[in-house]
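Colleague: I am new to this structure and would like to learn how to read its features. Could we take them one at a time?

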Amino acid sequence: MRSANNDDLTARARIRNAALELFGAEGVNRVSLRAVAARAGVSHALVLHHFGTKEGLREECDAYVISLVRGGPGVEALDDAAGLGALLDAGTSVRRYLARAFLDGTPAAAALFDEIVEVTGRWLEEGVREGWAHPSEDPRARAAIYVTWLLAPLAFGEHLSRVLGVADLHGTDATLQYSRAAIEIFTRGLFADDRALAAWDAVRKERGAP
């Protein structure tokens, strides 16, 4: 028989999971705590007991998703492999919530983006030293663009779902499909010569840009 404390923790997790699903699908501003309570199968009073306000519940969701991206609860620094596996295993609601958080520009999402860029920059520079990544004239900009490109499908899910012909871009199979295409571009390249880069540099030189 479970103790009251275990029941309490289970209810808290159910509320958080319901909030992840609803906040990700509809946005935090469009979802009431009563709607979250109904989805979780608990009372409105219990939601207030655990989280106090909708902002408190949103912060709980942010912290949970960030812990997954870092590689699991209790992990203080981002781990690429563990974080990717945890994010894929977490399911559609977590990926959809993460997309919404980046679009809404929550403080936690902003901090997470900065952290991902920082870790990615170190990873790419390690690749340069080891010979599996090309050097860059602007390593930090490259890391930021790389991360942005990989995260862009989270924000453009509706449009990519239509183009790729999948019902839900946040599903695991679809995530693996578009991620594979992105990695292919980065690994094999897209352009067969440097004409695009030369044209871009010519425009920069003409405008006197750094």
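Colleague: Which exposed residues does the face of H3 turned away from its buried side carry?

Modeller: Exposed means over 50% relative accessible area, buried under 20%, and partly exposed in between, with a 1.4 Å probe and protein chains only. On H3, the face turned away from the buried side carries the exposed residues Ala45 and His49. This is a predicted model, in which local features need pLDDT of at least 70 and side-chain atom pairs count only at pLDDT 80 or more, while totals for chains, interfaces and linings use all residues. Residues are numbered from 1 along each chain as its sequence is written, and side-chain values use heavy atoms, with hydrogens and water left out.

Colleague: Which residues in H3 are buried?

Modeller: Val47, His50 and Phe51 are the buried residues in H3. They are on the same side of H3 because they cover an arc of only 75 degrees around the axis; the arc is that of the directions from the helix axis to the C-beta atoms. Just after H3, Gly52 takes a positive phi of about 80 degrees.

Colleague: What does Val47 touch?

Modeller: A contact means heavy atoms within 4.5 Å. Leaving out residues up to four places away in sequence, Val47 touches Ile15, Leu33, Ala37, Val42 and Gly52.

Colleague: Which residues touch the most other members of the largest nonpolar core?

Modeller: A nonpolar core is a set of buried Ala, Val, Leu, Ile, Met, Phe, Trp, Tyr and Cys residues joined through side-chain atoms within 4.5 Å. The largest one has 32 residues, and Ile15, Phe23, Val36, Val47, Leu57 and Tyr97 touch the most other members. Its largest share, six residues, comes from H1.

Colleague: How many helices and strands does the chain have?

Modeller: Helices (H or I, at least four residues) and strands (E, at least two) are DSSP runs, numbered from the N terminus. This chain has 11 helices and zero strands. Buried residues make up 33% of its 210 residues.

Colleague: Which residues make the nonpolar surface patch?

Modeller: A patch of this kind joins nonpolar side chains (Val, Leu, Ile, Met, Phe, Trp, Tyr) within 5 Å, from residues with over 30% relative accessible area and no salt bridge. A salt bridge is a side-chain nitrogen of Lys or Arg within 4 Å of a carboxyl oxygen of Asp or Glu. Here the patch is made by Ile145, Trp149, Ile183, Ile185, Phe186, Leu190 and Phe191. Helix H10 gives the largest share, three residues. Phe186 is found in H10 and is partly exposed, with a relative accessible area of 35%.

Technical notes
Patch = residues over 30% accessible without salt bridge, like charges linked within 9 Å, V, L, I, M, F, W, Y side chains within 5 Å. Areas by Shrake-Rupley, 256 points an atom, 1.4 Å probe, with all protein chains shown as cover.
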